[in-house]
Amino acid sequence: MQRSDIINLAAGPSQLPLQVLEQAAAGLLNYEGTGIGITELSHRSPEFKTLTESLENSIRAILDIPQTHSIIFVQGGGCGQFSSVVYNLLARHYLLYPDLKPEDRVADYIVTGSWSKKAAEEARMITASCGARVNV
C-alpha cells in the first residue's frame, strides 16, 4: 500500500505516523490475538476490561490524576460534551447553593462562533427544564 507525503494542517484530523496507522489497522483485524477486531469486542469481555484499565492507568500517569477522581469513557464527541458540562456545573451549583431559587441560577455563555452557539443552545434546553436560565 502506498502513502502520500501530503500533510493535512487543517482543523480536525491530522497526519499520524505510519507505525501508528499500521498498529491501528492490525487491531481492527485481530486485536491482541483475540481473532476479532477491537471494534467487534464485547464491552463485557476480559480483553475490553484490560484495555480500559490500561487506558485509565495511562491517562492517570500522563495527567497525574489521583485515585480520588474517576475517569469515565463516554461516547458523543465534542457535541456530547455540551450537555455534560451543563449537567455537571448545574449539579455542583445545586450542591453549593441548595436554597437558591431556580430563576436565580444563571449560566453565562460567550458566543464567538458556530460551536459556542451550539453549546449555548444545548444549555438553554437543559436549564429550561429546571427553571434556570442562560445568558448569552
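This is a predicted model: local features need pLDDT of at least 70, side-chain atom pairs count only at pLDDT 80 or more; totals for chains, interfaces and linings use all residues.
The largest nonpolar core is made up of ten residues, namely Phe 82, Val 86, Leu 90, Tyr 109, Ala 119, Ala 120, Ala 123, Ile 126, Ala 132 and Val 134. Two or more residues of this core are supplied by each of the elements α3 and α4, and the greatest contribution, four residues, is that of α4. In soluble globular proteins, nonpolar side chains tend to be buried together.

A polar atom of the Ser 116 side chain is placed 3.1 Å from the backbone nitrogen of Gly 113, and, once neighbours within four places in sequence are set aside, Ser 116 is in contact with Ile 110 and Val 111. Lys 117, likewise a residue of helix α4, has a relative accessibility of 46% and counts as partly exposed. The C-alpha atom of Lys 117 is separated by 31 Å from that of Ile 65, a residue 52 positions away along the chain.

A search of the whole structure returns two salt bridges. In one of them, the side chains of Glu 53 and Lys 49 meet with an N to O distance of 3.8 Å; both residues belong to helix α2, where they are four residues apart, about one turn of the helix. Glu 53 is partly exposed, at 40% relative accessibility. In the other, Arg 60 is paired with Glu 56, and the closest N and O atoms are 2.9 Å apart. Arg 60 and Glu 56 also lie in helix α2 with a spacing of four residues, about one turn of the helix. The two partners of this pair fall into separate accessibility classes because the limit for a buried residue is 20%: Arg 60, at 9% relative accessibility, counts as buried, whereas Glu 56, at 22%, counts as partly exposed.

The loop between α1 (18-29) and α2 (46-63) contains Glu 32, for which phi is positive, at about 50 degrees, although the residue is not a glycine. Most residues other than glycine have a negative phi. Glu 32 is exposed, with a relative accessibility of 65%. Tyr 31, which is located in the loop between α1 and α2, is by contrast buried, at a relative accessible area of 14%. Apart from neighbours within four places in sequence, the residues in contact with Tyr 31 are Ala 26, Ile 36, Gly 37, Ile 38, Leu 41 and Leu 51. Between the C-alpha atoms of Tyr 31 and Pro 66, which are 35 residues apart along the chain, the separation is 29 Å.

In the loop between α2 and α3, Asp 64 likewise has a positive phi, near 55 degrees, in a residue other than glycine. With a relative accessibility of 67%, Asp 64 is above the 50% limit and is therefore counted as exposed. His 69 is also placed in the loop between α2 and α3, but its relative accessible area of 45% makes this residue partly exposed. The side chain of His 69 is joined to that of Thr 68 by a polar contact of 3.0 Å.

A nonpolar patch on the surface is formed by Leu 96, Tyr 97 and Leu 100, which together present about 270 Å² of accessible area.

Definitions and conventions: Residues are numbered from 1 along each chain as its sequence is written. Side-chain values use heavy atoms; hydrogens and water are left out. A polar contact is a pair of N or O atoms within 3.5 Å; within protein, one must be able to donate a hydrogen and the other to accept it, and residues adjacent in sequence count only if both atoms are side-chain atoms. Contact means heavy atoms within 4.5 Å. Patches are made of residues with over 30% relative accessible area and no salt bridge: like charges are joined within 9 Å, nonpolar side chains (Val, Leu, Ile, Met, Phe, Trp, Tyr) within 5 Å. Accessible areas come from the Shrake-Rupley method with a 1.4 Å probe; for residues, only the protein chains shown count as cover. A salt bridge is a side-chain nitrogen of Lys or Arg within 4 Å of a carboxyl oxygen of Asp or Glu. A nonpolar core is a set of buried Ala, Val, Leu, Ile, Met, Phe, Trp, Tyr and Cys residues joined through side-chain atoms within 4.5 Å. Buried means under 20% relative accessible area, exposed over 50%, partly exposed in between (1.4 Å probe, protein chains only).
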